[in-house]
Amino acid sequence: MKLFAFVSFLAIPLAFAAKDGKDKLISLAASGNGVIRLDASTFDLLTAPNRDWSVAIQFTALDPRRRCTPCKEFDPSWNAVAKAWTTVSAEQRDNHFFATLDFDEAPTVFQKLNLASAPLVWVYPPTEGPRASTRNLPSKYDFSTGYEAGPLSIHLSNHTPVPIPYKAPIDWARWLTVVAGLLSFALTLRFIAPVLQSRWLWGAVTIITSLTMNGGFMFTRIRGSPYTGHDGAWISPGTQTQFGQEVQVVAAVYGTLAFSFVMLTMIVPYQSSPARQRVQVYLWSGVIMLVYSVLVTLFRVKNRGYPFKLLL
Amino acid sequence: MAIHTQVWRAVYGKSADAIEKSVENVDESIRAIICIPRLFPFTFGHVDGLPLSNNVSPTTVANTASLLRIVAFGLISAAAIASRLFAVINFESIIHEFDPWFNYRATRVLAAKGFYEFWNWFDPTAWYPLGRVVGGTVYPGLMATSGVIYNFLHYFNLPVDIRNICVLLAPGFSALTAWATYMFTTEMKDSSAGLLAAAFIGIVPGYISRSVAGSYDNEAIAIFLLMITFYLWIAALKQGSALYGTLAAVFYFYMVAAWGGYAFITNMIPVHALVLLLMGRFSGRLYVAYCSWYAIGTLSSMQVPFVGFQPVRTSEHMGALGVFGLLQIVAFASLVRSHLSSKQFQDLLTVSVISMGLLGAGAFIVMTYKGWIAPWTGRFYSLWDTGYAKKYIPIIASVSEHQPTAWPSFFMDLQFLIFLFPAGVVLCFRDLRDEHVFVIIYAVVASYFAGVMVRLMLTLTPVVCVSAAVALSTLLDIYVDVAEPAVPENENSSANGTGAATADAKKAKKNAAVGSQAGPNAAAAASSTLSDIVNAAKSSSKSSPSKQKGIWGADARLVIILNAIGMLVYFVFHCTWVTANAYSSPSVVLASSNPDGSQHLIDDYREAYYWLRMNTPQDAVVMSWWDYGYQIAGMADRGTLVDNNTWNNTHIATVGKAMSSPEEIAYPILRQHDVDYVLVIFGGLLGYSGDDINKFLWMVRIAQGVWPDEIQEPNYFTPTGEYRVDERASDAMKNSLMYKMSYYRFAELYGNGNAIDRVRNQNIPKIGPTLDYVEEAFTSENWIVRIFKVRKEDPLGRDLKSANAFAQGKKRKRSKPVSRRRAVV
């Protein structure tokens, strides 16, 4: 009995400490608009081994000296999701915290956790209470879906007591642009109608679209290839990759060749002077031969095993 | 014989009378070869004045032309089929790749047991333990086609093996595709362009890639069906024929039964009809063609069990329905308009038509929101929102043929057609008849799709061939034409810029141009190239030649023709090279070359599958990544957990989880699914890059989609974010079942030397992984296929790890096992 009393006596400050810690965290979160700015000591408090709350921590380096562009890109999404979490009712809200740990405010934590890159998002599950997880290890957020807030909130909702009520803000600027565009289109329809009815306008749009697509534009778009290589190279060897600049070059090459054929078919036969016609025939044939050779050379750079070549 | 002079005569018509009657036919054929565009005299307006018709009856010319067409077409078909046989000659008559193995297996069932059995076929070995209702989840067109051919041949007592029919189906259908493309292009321009297009599509690598012998896949017949449906649609539209519309619907039904890509037709034709409506080209022909196609096509497509009620319930098909409704409204409006004259009533009518259209569109939106119409399925949606698949359906994004296309693939697959293609589109814009609008829309849409997904290069290829053929044939028409226009009289003055163009004088010349006879009244030339261009553009856009066209001088003509022939010859070489080197590998058998240049075949897959077939119990279940499911079912005849059908994401994720988890976690999964063997593909010894370690991240990603807490992709990278398999590999990587099975005893192969993974160029640690729950059962000659047997539970109830340790005489550590044994008991 005595022993029990002693133990319970000892337990009181511990319990109070935990309670204090949580209260402190709640107030910190409230003051930081849902996000706790961490330093080394609050980090230890937040990730204390006996915690009945879960916590999602963003490791970042926002200081301009660190030149971390992704961090800057990701930070607003993080804050938006954290802000959305503050709208949840208090008893649920206080069981999950959002925190941000900047490298320059707590480099020791980075060293301790052996982190070499940023941004990172780690989610620590609670170790006590009804939601306690057997795994004490934090889970890591996969940035393969990008830095947007939507996928982040979907992912984090797996770890929070209730799903995060995040809604993407309405992009007023975009809507305004669309509406303004439609309005101006409707207003000027009378004047631009002849242009819109011109087949050659549509022809140009069609040709440019298909040239860009055939130049591999969608590849650079989907894969997010850089415009040029790191060392300034504009053509990347290998048939399965390409840089942004290659789209322009290849589309221009195709366009030139197609244009030469169009000239030979639609313009040259209508010439009124034999001499001029002959010059044009030779000119466009020369252009075709030359540009085609360039194209084959380009292709040989991409596909080293290609056995054929033309003039070049 | 003086062929040369006779040709000369025939061409210039000087002494045509001298030609004897008895050799008339011979001469005609020679003539016809020399001047290609004359082959088809009835398609040319300007042919009347030619000397050719002086003493030869038009019927003879027409007959010869059609005979030559048939001969040319026969040669094209032969070339198309022959170039697809590289795979058979270099390897053997074998089914290729992955999906064809399923189609082959299903066809065998169909041929052996009949159509009803096939229709009701439930396959319990696939997707173990779920099974698969094959008859209801398959596009049966391909198998039915082979089955019909098989039964047809056997009826005539030609005992051809079903495998050979399957292997040779794609080459055979490529000849039909060439014919369909010929018909289609003939509708666009004329039959000379048609023959060019047929020749192009016969050998173009973009189509060969999916139709070599042995590539027994839906695409093998689907491209033929695509082109024939489009041709019939155009024919129906041009003539306003319900018969052609119905035929289009019949072939559309065949297409629906054959390939999931039928949705391309389902949307192309409505878009074409809609654009024609918007261009103000509504006509009775359009109405008849579209309605007969849509009504019959939709009803018949719903007879395919796998499609069912989709045509009225999913967004992919709503466009066709919407245009159908719109056409009814417009047809009604035009009918009413033709009977009424009141201006106000017509205004009212216009307003009501527009509001009805809006109402209909609104109804669609509401029904989509309410869920009565299913939204776009993931596969189609990912074509528009290209990031969608990667985020939400990694299983679609993981397929290599769903990757976006880089430009070298376009050039590799289409070569010089790719830059003739825009020129052909420009020519379509020049004429802009209803059928040209179709080619234009097709060009834009297919270019986009081919850019998004490599496999959709297949749908781009036909339109590129058609369009390029139109461009090249137009060019040749002009430059092969030996009739020269009149030489302007005051040619010198044109240089001084004093002459003024007089269109009337030139127009008068148009029909009188005969051979080299120079007309006396020549027109003054325009003063500058710029005005030439303007005139030409003007004349071409009005498509009424206000000015004569033609080429002076044989040298100019020769340059162009030689250039064109050179390009065509190069194209043939290119296609042959690409076909032989890139597209004829069965991928079941790999080819490499010995140091002396001779071919060395790597036959590990069949070796391993045959081992499975001969050495494992009939009801054994093999777990592998889904890529190999069809092959295991087809070649090894064993049950699989997942296969290339990929209909159940969770099941695939389960396999992914087992592969990417440590042994202790994977083992219960394996046992729960009755897995007896685990099969992995490992290319590290040979440098074969398509192995499972390279696909491993997709397994992780797909598993992560279902168990985000347990499997996390970043754990499989080193802290610096690299994907490594050597000493520095992350713990999760090193402990995963996949890694362990791949590199099990790999280092021993090298003795004391460095064990190098030749795919990833990394050194594998000397002390390799150990396996407790599975044991090595088979490793093929070049280590490409490794099969591991899943061990049964320990008879003494120990976990297999401690049982192994005990068997190896290792002392147990005191701290660990006490509680564990108790837990087991």
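Predicted model: local features only at pLDDT ≥ 70, side-chain atom pairs only at ≥ 80, totals over all residues.
The contact between the two chains draws 69 residues from chain B and 63 residues from chain A. On the side of chain B that touches chain A, the elements contributing two or more residues are α21 (407–414), α22 (417–431), α23 (434–452), α24 (457–480), α25 (491–496), α27 (529–542) and α28 (554–581) of chain B. Of these, α22(B) gives the most, with 10 residues. Sorted by class, the side of chain B that touches chain A comprises 43 nonpolar, 18 polar and 8 charged residues.

In chain A, the domain assignment gives domain 1 at residues 21–156 and domain 2 at residues 215–302. The C-alpha centres of domain 1 of chain A and domain 2 of chain A are 51 Å apart.

Chain B also holds a hairpin formed by β3(B) and β4(B), with 5 residues between the strands. Strand β3 (residues 590–593) of chain B pairs with strand β4 (residues 599–602) of chain B in the antiparallel sense, over 4 bridges, and Ser593(B) stands opposite Gln599(B) in β4(B). Within this hairpin, Gly597(B) takes a positive phi near 95°.

For residues 619–670 of chain B, an unreviewed UniProt entry records the feature "domain: STT3/PglB/AglB core". Over this stretch the chain is 54% helix and 10% strand, while the C-alpha atoms at its ends lie 15 Å apart.

Key
Residues numbered from 1 in each chain as written. Chains lettered and ligands numbered in written order. UniProt positions renumbered as here; feature names shortened; annotations may be inferred. Contact = placed C-beta atoms within 7 Å. Nonpolar A, V, L, I, M, F, W, Y, C, P; charged D, E, K, R; others polar. Domains from an automatic or database assignment. Pairing = 2+ DSSP bridges.
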